[in-house]
Amino acid sequence: MHLSQSSIEQLPKVKRLNIINSISGIKPGNLVGTVSRAGIPNLAIVSSVVHLGSHPPLLGYLLRPRDEVRRDSYENILENGYFTINHISTEFIEKAHYTSAKFDQHTSEFDACGLTPSYDFGFSAPFVKESKLKVGLRHVESISIPSSNTTLIVGEIQHLDIPDDALNEHGYINLESINSAGISGLNSYYSLNKLADFPYARVHEVPKFAV
Ligand SMILES: Cc1cc2nc3c(=O)[nH]c(=O)nc-3n(C[C@H](O)[C@H](O)[C@H](O)COP(=O)(O)O)c2cc1C
């Protein structure tokens, strides 16, 4: 099937949304943990977490347009200045998925979806106890992207919690061993299979590939 710009435009809205959301491939599955000024912990699934830099260590995620819908996580980040990013494991993909429901401001997605907030390392934003890879971040900046009416939320890593046996001596993290889940589109979840490790690619070390 070939879809031109105009045929994409003519697709039914939901179908278009599903196709366009899936074409970037497998995205990381994460839960953003925040807490409101009133002390209510909030959890939201996001599939747009991206590495932005290692020194300083920065991660970002893309916040959807917020003109029509309330974005509790973002309000909390602005109020509190801190948030957490927690890998979704295959064991709790269903619970994680339902954190995307529009609960009212006074309902904690942790309670509603059966996940446990844990305030570790004296950090003010809640981590997800069930998650095996947890990151605590300080909000550094929010960058508006006018073409998509979205906002890139940038955070600097303050805490990183990973099981010892998932981290090798070179600092590589085996995501298969901690059952991190991948997301396609808005509702498909995948498990990960590690296929290979390759060395840093130097021109003089490139194998001879047959064409
Ligand atoms: C699979 C999946 C991925 C999502 N990824 C994002 C995302 O990257 N950014 C975003 O702003 N919302 C994303 N959402 C929607 C949020 O989870 C949803 O809007 C949630 O209600 C926001 O919660 P909040 O109002 O407590 O901040 C995603 C939803 C699903 C189901």
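1. Starting with overall size: a compact globule of 211 residues would have a radius of gyration near 17 Å, and the protein comes out at 19 Å, which agrees. That radius is taken over C-alpha atoms, and the globule rule is 2.2 Å times the number of residues to the power 0.38. The C-alpha atoms fill a box of roughly 60 × 50 × 30 Å along the principal axes.

2. A word on what you're looking at: this is a predicted model, with local features needing pLDDT of at least 70 and side-chain atom pairs counting only at pLDDT 80 or more, while totals for chains, interfaces and linings use all residues. Residues are numbered from 1 along each chain as its sequence is written.

3. The secondary structure is five helices and 12 strands (DSSP runs numbered from the N terminus: H or I of at least four residues for helices, E of at least two for strands). An open sheet of seven strands runs in the order 3-2-6-9-10-5-4, with antiparallel pairing; strands count as paired if DSSP finds at least two bridges between them. Strand 3 and strand 4 (50–54) are the edges, each pairing on one side only. The twist averages 35 degrees from one strand to the next (axes are lines fitted to C-alpha atoms, for helices over the stretch in contact, with angles from 0 to 180 degrees between N-to-C directions).

4. Strand 2 (residues 30–35) pairs antiparallel with strand 3 over six bridges. Helix 3 packs on the sheet and touches, among others, strand 2, strand 3 and strand 5, its direction making about 50 degrees with that of strand 2. Contact here is C-beta atoms, placed from the backbone, within 7 Å.

5. Now the ligand. Of the 19 residues around it, Ala44, Ser48, Asp72, Ser73 and Ser100 come nearest ("near" is a C-beta atom, placed from the backbone, within 6 Å). Strand 3 (41–46), strand 5 (57–63) and helix 3 (72–80) each give two or more residues to this shell, and strand 3 gives the most, with four.

6. The His55 to Pro56 peptide bond is cis, with omega near 10 degrees, and Pro56 lies in the loop between strand 4 and strand 5. Phe121 has a positive phi near 55 degrees and counts as exposed, because it has 12 C-beta neighbours inside 10 Å. Asn149, in the loop between strand 9 and strand 10, also has a positive phi, about 55 degrees; with 11 such neighbours, Asn149 counts as exposed too. The cut-offs within 10 Å are 20 or more other C-beta atoms for buried, 12 or fewer for exposed, and partly exposed in between, with C-beta atoms placed from the backbone.

Notes:
Contact = placed C-beta atoms within 7 Å.
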